[in-house]
Amino acid sequence: MPLNSFPISRPATLRLAVRSDLGEVRPVASIVRNFMKDQGFDDAEVQAAELAFVEACNNAIKYAGPRGAGECVMVDVLCTEENIELRITDNTDGFDWPETVELPDFEKETGRGIFLINTLMDRVSYLRGRGQNCLVMRKKRRLRSEARHIEFSSLEEASLRLTESEQVIRDMAEELSFCYESLSAIFRCSSELGKSNNLEEFARRLLTDLAQITSADWFLFRLINRDGTALEPFSWSDPMVQPQALSLTGESFTGSVEVEAACTREDVWFDHLNPLPSQDFLRTIDVNSIGLVHPIFLGERLIGTLTVAKSAPGTLFTAVQANVVHTFADFLAIQIVNARFNEEQLRGSLVNRELEIAKAIQRSLLPKSLPPLPGYDLAGFCESARQVGGDFYDVLKIGDDSALLIIADVMGKGVPAAMFAAILRSLLRAVPEWTNQPAALLARVNRLLFEELSGVDMFITAQLVFIDGKERKLTAASAGHCPVLLWNSTEPEVKLISPEGMPLGILPDTTFTNQTETLFADSRLLLYTDGLTEARNQKGEFYGQERLVAWLKNQSNNGQSAEALKEKLAGELRSFQANMSLNDDQTFLIMTE
């Protein structure tokens, strides 16, 4: 057949190269848009083709990989009387185009671009090659051909109907464009947040995308502080601007549209007819701006405010653009709340881990077994509260017939308290020649620990009791600790032994005193921490020192070992507290004869 028997088409063509940078896609898309308009395509056709073009270029750049990162994406646009054809040639490894294109599940991060392209264009072909691929997208001029068959009663009516239809199509295309670009930005920024967990960078990227989508010139995002008294700046577009916190505790919000929006829970718009107040900080960014402030709430909880604005002269944001601002703000608020929740969970995990370490340190301080003391029986008890403190007890064997009983409580919680308890225990064990002089030993330890304890506003209460079994005497010294309880069968009442002395770490040079008592037959001795006397029952009543004294007085020896008395006292405390949780460690040391 002769060549001239075929119709010869000479389409208008445009060939461009896009550098491998997502920021270069939008400028090239504007060139393609203008080219299509010059060829007579209407707004709806241009919008659809432009969206498909942007998605195709973004994918080609995003998945270029190391080999194709430095290569340009080639763009060819062919326009005829009936069609427009877009060809995107990339340098990626390519992929398998699905036989059936469906909208992917929300949880999936891929597949939405293919679905969008397939929906917007009439025919799509993906030609996969070795190291180079070409995506061919075609769209017919359907609206124009269909319009020829519509009959109107008059030219004026036809023109009016056509104008209305074109406006509806433009509005729908604009809304579709905003929705798609919003979702793309949200998915992209969410993916980056998952990789870096940098909330500030995530907010800046997301709001920068919002500004581009809505044609805004600047933005300012504030978060409510933790006590709910001020709006603090979190992310803003101009690095030269240094916004300050805005107080929410004043009686009036006439000086700030951001505070007004937060207090009224409504959007606040500003333009040349409704200018910013004279004292408003936003005037320092651009006094003639046109924009809105959107208060961000999750339920009844204020999260912050988002201000988005254009520089004058210009037009207010459209309803569609305002909805996009709301969408971005609400999404950002959810991400921030989730991030803070995760941060609190992580902090809680770290605290729990710290408590586990402190408990391990505390357990290591307790002697696995108590040394024998001829004529006497010893037993110790320590039960940790959930908030670990620095309680510990120890027994140091001095000679064949003597020992030093130690009980101490570091005022504080967690690892620091447990560490100071370990240091105190080491110091007491390091000077055996002083163990028969409790007051002098406490003075020496206080001088050694004062600087470290005072530096962190902590102190230690301690009780040292030197037992001389041969002489049947005890010598006690106290550093602000609970009294030692001594019961002798020769005396009707329990004696409280409480020599004067300040806690360790209060003053660098503290004088401690010794108190000596005789140990008669059937003596019972109890050293304890305030976790016993401050234990509470379900009525909120303290166990108290009177109950403890009465308990010790009412225990007749009858051959009871110190271990048996220990179990009885522990059971007494559990019974008193019932199901109440411990507020403090409970530690005691019992000696019987």
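The model is predicted, so local features need pLDDT of at least 70 and side-chain atom pairs count only at pLDDT 80 or more, while totals for chains, interfaces and linings use all residues. Residues are numbered from 1 along each chain as its sequence is written, and side-chain values use heavy atoms, with hydrogens and water left out.

Helices (H or I, at least four residues) and strands (E, at least two) are DSSP runs numbered from the N terminus, and two strands pair if DSSP finds at least two bridges between them. S4 runs antiparallel to strand S5 (residues 133–140) and is joined to S5 by 6 bridges; Ser-125 has Val-136 in S5 as its bridge partner.

A nonpolar core is a set of buried Ala, Val, Leu, Ile, Met, Phe, Trp, Tyr and Cys residues joined through side-chain atoms within 4.5 Å, where buried means under 20% relative accessible area, exposed over 50% and partly exposed in between (1.4 Å probe, protein chains only). In the largest such core, of 49 residues, Leu-405 and Leu-525 touch the most other members. A second, separate core of 36 residues includes Phe-41, Ala-60, Met-121 and Met-137.

Rings of Phe, Tyr and Trp (its six-membered ring) pair if their centres lie within 6.5 Å, and planes under 30 degrees apart count as stacked, over 60 as edge-to-face and the rest as tilted. By this rule there are 4 aromatic pairs, one of them the stacked pair of Phe-381 and Phe-588, at 5.0 Å centre to centre with 25° between the planes. Phe-381 belongs to strand S12 (residues 377–383) and Phe-588 to strand S21 (residues 586–592), 207 residues apart. Phe-381 is buried at 15% relative accessibility, and Phe-588 is buried at 0%.

A charge sits over a ring if NZ of Lys or CZ of Arg is within 6 Å of the ring centre and within 35 degrees of the ring normal.

| Arginine | Ring | Distance from ring centre |
|---|---|---|
| Arg-265 | Phe-297 | 3.9 Å |
| Arg-524 | Trp-487 | 3.8 Å |

Most residues other than glycine have a negative phi. Arg-265, however, has a positive phi near 65°; this partly exposed residue has a relative accessible area of 39%.
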